[in-house]
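Please look over the structure below before reading on. The report then takes up its parts in turn.

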Amino acid sequence: MHRLNGVGLAALDRHTTTSRSYDLLSNSLSQNQITHLQSQLVSFRSALTAFAIKHREDILHDPAFRHRFTQMCSSIGVDPLAGPRKGGWWAELLPSVGDWQYELGVQIVDVCVSTRERNGGMIELSELVRLVRKLRGLSADQDGKGKGRINEEDIIRSVKTLSPLGAGYTVVTLNDGRKMVRSVPKELDEDQAIILALARAPGKYGRITIDELVVEREKGGRGWTRERARGALDNMLLQDGLCWVDEQDNIHDRVYWVTSAMKWD
Amino acid sequence: MALSTYTTTTGFLLPSIHSAPPFFTQQPHPASLSIATEQWIQIILKYARHRRLFTVRVEDSEVSGNDWDEILRNERINRKLIPSYLSYILAQMVSQKLAVYEPPKQDRSILIYWRLPEEWAEVLYEWVRLLEALWFNSIIHSQVSSTGNLNTIMTFYEITDPPVESPLSGLPIPLLRQAITLLSKSNRAQIIAISEGEGVRFFPTTGKA
């Protein structure tokens, strides 16, 4: 029979020894595996960090890239928003952003949201600065001194740091050099509805100009400035992709074509 | 007006999007741009095939009186493809391997692959085999073996400018060269030097290479 394993008490003894050495082996194996896994995790984390740093610009500026990056993170079970440090990964990736900047960001959002009703999500930069200063308890012309002072540069920088939120906050420079801050807004759905209605009006076939939109709003008794009309159309064009632009019209610099209202044979 | 299709004087059917004024402007929104560009690429490829055109240049939209007038301009709505946008479209075609810059090292002019080089290689080889069959039937040439193994030699000129119009008539030399290079990879052809310049020797297929 199993002569090699011995018989009787000797076999029992031998069995214990064998099982002990198996335990030892198993322990050292799992120890090895854990060490291996840990080192893999470390190198994985450093690779991910290196990737995030290398592609920091893309992550911050390219929504599609950012989306893919977060998708990739979530598919491997890493949440880029949660991290070992306070503020999470994004805070590590955005070292320029301190609490001060966050606070200013919140104030900007506050002003943008509360004025949207009347400006449709387009606010002139100087006006935004004025309202944020008011919110911070500063006098309107105070930008050089005092605690918590801010200027246009601060606002522009802060608006840029809001961009990873994906809410569409951007600084827009108009043809005449004036700057406006745009927040893309649920409220603009109403603008879209107004524009869509006009684009579908008899004989329009989706073609709309800024002038037409201004005239149309005038008729409705709720006048829009040209800037307001242009902002609404540009939002549809640039943000939503609901319009196409034609820059070869004889009269107008830009003619907007609402694709959903165009009629195809 | 509603947008409708249009048949040009050369009998090419333009899709209705070609009568939409904004189609001729480069769209700022990425999704719109990619839709419009894809449409342009299809139109250019189809028209090139329709007219057997091999070249398109950025200037072709700016200056009228060339082969592309019907496509890159729409006189009915007074629009022409903006050259910077055409340049973008050409770059897209090159990156999608539907064209190459020709001559190389510039980006104003492309060689259009309305057939891919691989397809041209097959067309060329089939055409030569057809010729061989015809020769074999008409004159029993002394060199012709019983298997029809001709080892035909032709000049580039005989291929691109044959007395009878062929599927290869007018094929640009760079494209012909690519097709021959592909055939030589499967041992079906070989570029050779002949007295009139360059030529190509075709070999019979010995099964798939």
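## Two packed helices in chain A

In this predicted model, helix α9 (residues 210-219) of chain A packs against α10(A) at an angle of about 115°, and their axes are 9 Å apart. Axes here are lines fitted to C-alpha atoms, for helices over the stretch in contact, and angles run from 0 to 180 degrees between N-to-C directions. Two packed helices are described by the angle between their axes and the distance between the axes. The crossing of α9(A) past α10(A) is right-handed. A crossing has this name if the near helix is turned clockwise from the far one by less than a right angle, and is left-handed if anticlockwise.

On the α9(A) side the meeting residues are I210(A), L213(A), V214(A) and R217(A), and on the α10(A) side they are R226(A), A229(A), R230(A) and L233(A). Residues are in contact if their C-beta atoms, placed from the backbone, lie within 7 Å. By class, this contact of α9(A) with α10(A) has 5 nonpolar, no polar and 3 charged residues. Ala, Val, Leu, Ile, Met, Phe, Trp, Tyr, Cys and Pro count as nonpolar, Asp, Glu, Lys and Arg as charged, and the others, Gly among them, as polar.

## Basis of the model

Residues are numbered from 1 along each chain as its sequence is written, while chains are lettered from A and ligands numbered from 1 in the order in which they are written. Because the model is predicted, local features need pLDDT of at least 70 and side-chain atom pairs count only at pLDDT 80 or more, whereas totals for chains, interfaces and linings use all residues.

The model scores ipTM 0.83 and pTM 0.60. For chain B the mean pLDDT (the predictor's confidence in each residue, from 0 to 100) is 89, and 91% of the residues of chain B reach 70 or more. Where pLDDT is low, the predicted coordinates should not be read in detail.

## The sheet of chain A

Chain A has 10 helices and 6 strands. Helices (H or I, at least four residues) and strands (E, at least two) are DSSP runs, numbered from the N terminus. Three of the strands form an open sheet in the order β4-β6-β5, with antiparallel pairing; two strands pair if DSSP finds at least two bridges between them. β4 and β5 of chain A are the edge strands, and each pairs on one side only.

Strand β4 (residues 207-208) of chain A is joined to β6(A) by 2 bridges. R207(A) has W257(A) as its bridge partner, and I208(A) has Y256(A). β5(A) and β6(A) pair over 4 bridges, and here D246(A) is partnered by V255(A).

Which residues cover the two faces of β6(A)? V255(A) and W257(A) lie on one side and Y256(A) and V258(A) on the other, and all are buried. A residue is buried if 20 or more other C-beta atoms lie within 10 Å of its own, exposed if 12 or fewer, and partly exposed in between, with C-beta atoms placed from the backbone. In a regular strand the side chains alternate between the two faces of the sheet.

## Elsewhere in chain A

Buried residues make up 22% of the 265 residues in chain A. K160(A), in helix α7 (residues 152-162) of chain A, counts as partly exposed because it has 18 C-beta neighbours inside 10 Å. K160(A) and T170(A) are 10 residues apart in sequence and 6.8 Å apart in space, C-alpha to C-alpha.

## Chain B

Chain B has 6 helices and 10 strands, and 25% of its 209 residues count as buried. Of the contacts in chain B with a separation of 6 or more, 50% are between residues 24 or more positions apart.

An open sheet of 3 strands in chain B has the order β8-β10-β9, with antiparallel pairing. β8 (153-155) and β9 (189-194) of chain B stand at the edges with a single partner strand each, so one side of each has no neighbour in the sheet. From one strand to the next the twist averages 35°. β9(B) pairs with strand β10 (residues 197-202) of chain B over 6 bridges, and G197(B) is the bridge partner of I194(B). Helix α6 (residues 173-185) of chain B packs on this sheet, touching β9 and β10 of chain B, and its direction makes about 120° with that of β9(B).

## Where the chains meet

15 residues of chain A are in contact with 17 residues of chain B. On the chain A side, α10 (226-239), β5 (243-246) and β6 (255-258) give two or more residues. β5(A) gives the most, with 3 residues. The residues of this side divide into 9 nonpolar, 2 polar and 4 charged.

Note on methods
Contact = placed C-beta atoms within 7 Å.
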